[in-house]
Amino acid sequence: MAITKDNALHAILVHFNEMVKIVMRQLDIMDKMIIDHTIQIPPELQKEIKENEDKIDEYETGLGNEIIDIIVLQSPVASDIRKIMAAYQIISNLERIGDQVKNIDKLLPRIEDKEIYEHMVPVISSMMASSIMMVKRSISSFVDDDNNAAIWTIKNDDVVDEINHKLIQDTIQKSHYPNDIQHLLFTFINVNSIISNIERIADHATNIAEASIYANIGENLRHSKVVFRDSDSEPKH
Amino acid sequence: MNHSMAVEKKYSSLSSIRYRKTKDRLFKGAVMFFSFITISMVFLIIGTLLIKGYRQINWAFFTQVAPDTFSAMMAKSSGQIIPGGIANGILGSLYLVAIASVLSIPIGILIGVYLSENSEKKYAGLIRDIADILQGVPSIVIGLIAYIWIVVPVTRSYSVLAGGVALAIMMLPLIVRSTEESLKRVPNTLKEAAIALGTPYYKVIWRVVIPSAFSGLMSGILLSVSRVLGETAPLMLTTLGNPNINWNIMKPGSAVPLLIWQFYNNPNMVDLIWSSTIFLMGFVLLLNLTSKWIEAKRKK
Amino acid sequence: MKETEEERIAPPVMLIDNISISYGDDKYAVKNVSAKILGNSITAIMGPSGCGKTTLLRAINRMHELYPNIHTKGKIWLNGNNIYDMPTINLRRKIGMVFQRPNPFPTLSIFDNVIAGYKLNGIHLKKSEREEIVETSLKDVALWDEVKDSLHSKGNFLSGGQQQRLCIARTIAFRPEVILLDEPTSALDPISTAKIEDLLVGLKKNYTIIMVTHNMSQAARISDKSMFMYLGELVEYDNTQKMFTTPSDPRTEAYLTGKFG
């Protein structure tokens, strides 16, 4: 029964899996680049990263609309609505993962001291590997209804944080750099973390504003350009 | 002080209860008594008829015509049952009812259809009033009308046709009213369904509404037939009576009520009235029960 | 990512052309309604009581002419022909109607009910044709398995939902182009309602469906396009998905959010 609802649910899950595939592909590309110590990204790879990024954004908006439609039109309840709301949150997290990849992609060519970078590569790539593992397991916990994988991921977060912190310390300490350089490195790493967290606060503010525009006029403005609206004109984008 | 008031109250309320209970019982008793009288009246009538008439009911009763006065007198004096029967009356009554039905049923149903389809219009109200008036006209007056219209100009003699016409006029208002009521009870949604299928209007009435109202129409027809079976006065002025079985519509014919009247007037044939009455009443009762059975079947 | 609705649905099949319906002198039940109805789709007409939606629906197969003192202005085109120029008998074979209360003919058997349209119109069919039509129609409404052993008995044992499906079978036995439904599930329980909604979604492959409903969730669930009517006027007519998330007219918004109903 409820053919239209079942079809809509099915379509959402299909598109969700497609989006997951693209995000995982981005992560794998990034992983390989790090392992290969690549700093200058070859153009075809760059192109693919950009295309995937655009597709991820498309999927986020499109799936968002599909989810809103199914809630408005089909009034799902119980496990249906829980799955849908979870998917809605996961989608925005997936998009953010895509964003992180995009950012790394922008930051890699800016590395000036290749030596320091190559020294840190083992740490970075092991962090990448464990993050990718967590993403894989958490997604499969959703798609396969695997509670154990979900619990593992949650518990693993703290573990990984600890390990990463330790790894960074060890790598810097065990390097041949003089103490004041090591001191500088530690300081910059911490300061940089503070700065990116502050940046993220601004990002969140932007997201809040976009959500509020959606509430008011029903247009989903994520990933598009906004023009200020006067009283007589329509917003163009 | 308080105590005596309470006691007084108790006693007066008690007596009022007793008073009311007694009233109740008296009333019940009165109702049962009068019902009993009424029912026993019916039993008395039927009983008398049966006792007095059972001997006259035999095969010949149904198959032979009424005897002539002479043979009746002979039989009566020798204490035997009167020979012959009322075959001419039975067949005559059936013939009359058939003619009356052929005339009144189609017209009555058509008028009933018109009334139920157009019940808001003023003209419909007028027709309904006329039907009601017609129902109240004394039967002998209707007989006179039939005399003037049929006996004199058309058949030039007393005739079965005139009797049929008179009975038809009497059946008409009943059929019209019962048709209208039955058709009105058919839910509008049925008509809508047929119309939505592209059925032309007259077909909707003929093939959907009337079949759905069939049992109501049938019971209305049976009731009106049972009513006219016992009419005597109009028949006296139209079909007059016939000692033989007559199939000629232009000539006089017999009928059971007419025979009862004739038997009553003839001292030798008086005994036949009981059996004839039993027959008539039995037939009418049968029609009424059938009509009720049809109604009951419809309601389920 | 999604193809547009217009690409999926066939081109317009019916054009409601400035229809106004009044009874008496100046009481307008429907005022200047125009709309294009796309083929092989479900169009829902919704609105509060008295908004004219039932009158409009009945104007499409001209059953509104049964009401007294009705005056109609405007035209309705079905595949290029003005239905007001067609004889009603032909029109009603192309446009069928299903009503709010199931109304199978009580004196006819289930079999005869399905082909009642042919019988009542005096159209003669060979026995094999009749049986084929009955079987196909009952299968199309998912009733065949439930009644195939009692086709020739009267359907008094059928539930409300089954009776309504029988009425739908009776309508599609004629292979009409358009099926009109006047609140078809408001007299039914939720499970029968869900079954009939699924049935309609399946039927739209072969028919164009226009449905009046007072239940806006039903319109949301199964219709492709929706009309919102208020006080006889067509306030908004758009894709259902758009109308329910971002209605253009504030009256639609008020109705959908329950400010009046």
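A residue is called buried if 20 or more other C-beta atoms lie within 10 Å of its own, exposed if 12 or fewer do, and partly exposed in between, with C-beta atoms placed from the backbone. Helices (H or I, at least four residues) and strands (E, at least two) are DSSP runs, numbered from the N terminus. This is a predicted model, in which local features need pLDDT of at least 70 and side-chain atom pairs count only at pLDDT 80 or more, while totals for chains, interfaces and linings use all residues. Residues are numbered from 1 along each chain as its sequence is written, and chains are lettered from A and ligands numbered from 1 in the order in which they are written.

**Exercise 1.** Determine how strand β9 (residues 225-230) of chain C is enclosed, and which strands pair with β9(C).

Solution. Begin with burial: six of the six residues of β9(C) are buried, so the strand is largely enclosed by the rest of the structure. Next, consider the two faces. In a regular strand the side chains alternate between the two faces of the sheet. Here C:Lys225, C:Met227 and C:Met229 point one way, whereas C:Ser226, C:Phe228 and C:Tyr230 point the other way. Then turn to the neighbours, where two strands pair if DSSP finds at least two bridges between them. Strand β3 (residues 42-46) of chain C pairs with β9(C) in the parallel sense over four bridges, and C:Ile45 stands opposite C:Met227. Strand β10 (residues 233-239) of chain C runs antiparallel to β9(C), joined by six bridges, with C:Asn239 as the bridge partner of C:Lys225. Finally, β9(C) and β10(C) form a hairpin with two residues between them, and C:Leu231 in the turn has a positive phi of about 50°.

**Exercise 2.** Check the span of helix α5 (residues 147-174) of chain A, and locate its bend.

Solution. The expected span is 1.5 Å times one less than the number of residues. For the 28 residues of α5(A) this gives 40 Å, and the end C-alpha atoms are 40 Å apart, which agrees. The bend, taken as the angle between axes fitted to the seven residues ending at a residue and the seven starting there, is about 30° at A:Asn156. As for cover, the count of buried residues in α5(A) is one, so the helix is hardly covered.

**Exercise 3.** Describe the make-up of chain A as a whole.

Solution. Chain A has six helices and zero strands, and its C-alpha trace spans about 70 × 50 × 35 Å along the principal axes. Of its 237 residues, 14% are buried.
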